[in-house]
Amino acid sequence: MGCLAGEDDPDEDEARRPTPSKPFLPINAPSHVITRSQFHWQEYSDKGYLTVLSHLNELRKEGHIRAIGLCNFDTIHTDGICTQLGPGVIVSNQVQVRSRFPFVSLSRLTL
């Protein structure tokens with residue numbers, strides 16, 4: 001199993017998979033549940049992001065958050081996060097593409 005949830009089964013829950021025309025919508029989600037927490041960290045030298053992600057994971061396990069996604073994390077740090085949290089915890093890594101960097105380096109990481 002890779003890092004991202006559902007990657008081993010591309011047909012898993014196809015009806016709920018977001019598309020550009022259909023954003024992620026929970027099915028029967030209670031109003032107090034966050035469907036996805038998209039997490040960004042500016043300064044990698046401050047390793048506090050690992051602590052924050054561990055807390056977010058605890059909230060996910062308790063049912064307060066459905067999913068955790070990353071935003072603009074590079075390959076090395078995404079891999080470290082996945083190693084610490086375990087497979088299937090991180091559901092996405094949204095990256096802003098300004099150059100070939102994300103495609104070249106992220107393509108080497110099996111998410």
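Me: Contact means heavy atoms within 4.5 Å. In this chain, what share of the contacts between residues at least 6 apart in sequence join residues at least 24 apart?

Reply: That share is 60%. Keep in mind that we are looking at a predicted model.

Me: How many helices and strands are there, and in what order do the elements run from the N terminus?

Reply: The chain has three helices and three strands. From the N terminus, the elements run β-α-β-α-β-α.

Me: What makes S37 count as buried or exposed?

Reply: Its relative accessibility is 16%, and buried means under 20%, so S37 counts as buried. S37 lies in strand β1. Leaving aside neighbours within four places in sequence, S37 is in contact with L56, I65, A67, I68 and G69.

Me: And Y49, why is that residue called buried?

Reply: Y49 has a relative accessible area of 4%. The cut-off is under 20%, so Y49 is buried. For the whole chain of 111 residues, 32% count as buried.

Me: What makes the ring pair of F39 and W41 stacked?

Reply: Let's check two values. The ring centres are 5.9 Å apart, and rings pair if their centres lie within 6.5 Å. The planes make 25° with each other, and under 30 degrees counts as stacked.

Me: Then why is the pair of W41 and Y49 called tilted?

Reply: Here the centres are 6.1 Å apart, which is within the 6.5 Å limit. The angle between the planes is 55°. Stacked needs under 30 degrees and edge-to-face needs over 60, so this pair of W41 and Y49 falls among the rest, which are tilted.

Me: Which residues do ring pairs link into a cluster?

Reply: F39, W41, Y44, Y49 and F73 make up that cluster. The count of aromatic pairs comes to six.

Me: Which residues touch the most other members of the largest nonpolar core?

Reply: F39, L53 and I81 do, in a core of 14 residues. The elements that give two or more residues to this core are α1 (48-61), β2 (68-71) and α2 (75-85). Not counting residues up to four places away in sequence, F39 touches Y49, V52, L53, L56, G69, L70, C71 and F73.

Me: How do you know that β2 and β3 pair?

Reply: Count the bridges. Four of them join β2 to β3, and pairing takes at least two, so these two strands pair. C71, for instance, has Q94 in β3 as its bridge partner.

Me: What makes β1 and β3 edge strands?

Reply: The open sheet has the order β1-β2-β3, with parallel pairing. β1 (37-39) and β3 (90-94) each have a single partner strand, so one side of each is left without a neighbour in the sheet. On average, neighbouring strands are turned by 25° against each other, direction ignored.

Me: Which strands does α2 touch where it packs on the sheet?

Reply: α2 touches β2 and β3, and its direction makes about 170° with that of β3.

Me: Which residues of α2 are buried?

Reply: They are T75, H77, T78, I81, C82 and L85. An α-helix has 3.6 residues a turn, so residues three or four places apart point the same way. Just after α2, G86 takes a positive phi of about 100°.

Note on methods. Residues are numbered from 1 along each chain as its sequence is written. This is a predicted model: local features need pLDDT of at least 70, side-chain atom pairs count only at pLDDT 80 or more; totals for chains, interfaces and linings use all residues. Side-chain values use heavy atoms; hydrogens and water are left out. Helices (H or I, at least four residues) and strands (E, at least two) are DSSP runs, numbered from the N terminus. Buried means under 20% relative accessible area, exposed over 50%, partly exposed in between (1.4 Å probe, protein chains only). A nonpolar core is a set of buried Ala, Val, Leu, Ile, Met, Phe, Trp, Tyr and Cys residues joined through side-chain atoms within 4.5 Å. Axes are lines fitted to C-alpha atoms, for helices over the stretch in contact, and angles run from 0 to 180 degrees between N-to-C directions.
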